[in-house]
Amino acid sequence: MMSYVDQELTVEDMLADPIVQTLMRYDGVSASDVRHTIEQVNQNRPENPVEDAHADAWATTNPVKPGLHNTAA
């Protein structure tokens, strides 16, 4: 029987996972690349995204560009 853990992995736990390390090697991504990206995201995200005018810009009412058809089920 499979058991589930109620705790999410930390980034360091994820980076230590052998499968993740194999995939990262295959993709040419290092642990320091991942850490740097996370650091950049944390530095550039707004302090209060609810008040940020661009916080919900991704949630448009019509995300499919004209001429393209949304075939997702």
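Trainee: Why is S32 called partly exposed?

Mentor: S32 has a relative accessible area of 46%. Buried means under 20% and exposed over 50%, with partly exposed in between (1.4 Å probe, protein chains only), so S32 counts as partly exposed. Keep in mind that this is a predicted model, where local features need pLDDT of at least 70, side-chain atom pairs count only at pLDDT 80 or more, and totals for chains, interfaces and linings use all residues. Residues are numbered from 1 along each chain as its sequence is written, and side-chain values use heavy atoms, with hydrogens and water left out.

Trainee: What makes the pair S32 and S30 a polar contact?

Mentor: Their side chains are joined at 3.0 Å. A polar contact is a pair of N or O atoms within 3.5 Å; within protein, one must be able to donate a hydrogen and the other to accept it, and residues adjacent in sequence count only if both atoms are side-chain atoms.

Trainee: Which helix holds S32?

Mentor: S32 lies in helix α3, residues 31–44. Helices are DSSP runs (H or I, at least four residues), and strands are runs of E, at least two, numbered from the N terminus. The protein chain has 3 helices and 0 strands.

Trainee: What makes E12 and R35 a salt bridge?

Mentor: Good one! Their side chains meet at 2.8 Å, N to O. A salt bridge needs a side-chain nitrogen of Lys or Arg within 4 Å of a carboxyl oxygen of Asp or Glu, so the pair E12 and R35 qualifies. E12 lies in helix α1 and R35 in helix α3, so the pair ties together parts that are 23 residues apart in sequence. A search of the whole structure finds 1 salt bridge.

Trainee: Where do E12 and R35 stand on the accessibility scale?

Mentor: E12 has a relative accessible area of 42%, so E12 is partly exposed. R35, at 36%, counts as partly exposed as well.

Trainee: Why is helix α2 said to lie largely in the open?

Mentor: Helix α2 covers residues 18–27, and of these 10 residues the number buried is 1, so α2 lies largely in the open. At its start, a side-chain oxygen of D17 reaches to within 2.8 Å of the backbone nitrogen of I19. After α2 comes G28, whose phi is positive, near 75 degrees.

Trainee: How much of the protein chain is buried?

Mentor: Buried residues make up 4% of the 73 residues in the protein chain.
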